[in-house]
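The following questions and answers concern a single protein chain. Please consult the sequence and the structure shown below while reading.

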Amino acid sequence: MSRIEEIKARINCSMLLQHINQAVCFVGRVSKVHPSGKTFTAVDGEGKTVTVELNCCLEEELSGVVEVIGLVSNKGVLMAATYNLLREDRGTPFDLELYNEALKVIHDFPQHYPFEAAVSG
């Protein structure tokens with residue numbers, strides 16, 4: 001099982017450096033796409049920014065809220081293995097601040113949210 005297939009911690013920007021070389025799941029709002037289409041920045045529910053590097057150039061317009069699964073580099077850059085746009089066209093915007101509060105609860109009470117538990121094989 002590769003690192004990306006393992007159970008992933010859900011993090012925000014302030015948790016990046018605690019998860020270097022680990023597979024993570026990050027949700028944020030796209031703020032700027034580099035003209036090359038190989039990187040973009042996203043803002044989390046605390047208003048902090050992460051740089052996301054892609055394996056290949058974007059083939060679609062990237063905007064709104066995105067979920068990124070990837071590895072955190074030693075420089076705190078998120079090396080994306082995959083990403084998913086979270087649709088907000090149903091009239092209810094995704095509440096990143098509320099999502100951030102949920103992340104805090106998950107990390108404050110890991111005994112109740114064992115998402116990082118070892119996978120038995």
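Q: Which residue stands opposite Val-65 in β5?
A: This is a predicted model, in which local features need pLDDT of at least 70, side-chain atom pairs count only at pLDDT 80 or more, and totals for chains, interfaces and linings use all residues. Residues are numbered from 1 along each chain as its sequence is written, and side-chain values use heavy atoms, leaving out hydrogens and water. Strand β5 covers residues 65-72 and is joined to β2 by seven bridges in the antiparallel sense; strands (E, at least two residues) and helices (H or I, at least four) are DSSP runs numbered from the N terminus. The residue opposite Val-65 is Arg-29.

Q: In which sense do β1 and β2 pair?
A: Two strands pair if DSSP finds at least two bridges between them. Between β1 and β2 there are three bridges, and Ile-11 stands opposite Phe-26 in β2. The sense of this pairing is parallel.

Q: Which residue takes a positive phi in the hairpin of β2 and β3?
A: Strands β2 and β3 run antiparallel and are joined by four bridges, with Lys-32 opposite Thr-41 in β3. The hairpin has five residues between the strands, and the positive phi, near 75 degrees, belongs to Gly-37.

Q: How far apart in space are Ile-69 and Phe-26, C-alpha to C-alpha?
A: Ile-69 is found in strand β5. With a relative accessible area of 15%, Ile-69 is buried (buried means under 20% relative accessible area, exposed over 50%, partly exposed in between, with a 1.4 Å probe and protein chains only). Ile-69 and Phe-26 are 43 residues apart in sequence, yet their distance in space is 6.5 Å.

Q: Is His-19 buried or exposed?
A: His-19 lies in the loop between β1 and β2. A polar atom of its side chain lies 2.9 Å from the backbone oxygen of Met-15. Because its relative accessibility is 6%, His-19 counts as buried.

Q: Which residue has a positive phi of about 65 degrees although it is not a glycine?
A: Most residues other than glycine have a negative phi. The residue in question is found in the loop between β1 and β2, and at 45% relative accessibility it counts as partly exposed. It is Asn-21.

Q: Why do the buried residues of α1 lie on the same side of the helix?
A: The buried residues of α1 are Leu-96, Tyr-99, Asn-100, Leu-103 and Ile-106. An α-helix has 3.6 residues a turn, so residues three or four places apart point the same way. On the other side of α1, Glu-97, Leu-98 and Asp-108 are exposed.

Q: Which residue caps the N-terminal end of α1?
A: Helix α1 comprises residues 96-108, and what covers its buried residues includes β1 (9-11), β2 (23-33) and β3 (39-43). At the N-terminal end, a side-chain oxygen lies 3.1 Å from the backbone nitrogen of Glu-97. That oxygen belongs to the capping residue, Asp-95.

Q: Over which residues is the pLDDT below 50?
A: The pLDDT is the predictor's confidence in each residue, from 0 to 100. The mean for the protein chain is 86, and 86% of its residues reach 70 or more. Where pLDDT is low, the predicted coordinates should not be read in detail. The stretch below 50 is residues 117-121.

Terms used
The expected span of a helix is 1.5 Å times one less than its number of residues. Contact means heavy atoms within 4.5 Å. A polar contact is a pair of N or O atoms within 3.5 Å; within protein, one must be able to donate a hydrogen and the other to accept it, and residues adjacent in sequence count only if both atoms are side-chain atoms.
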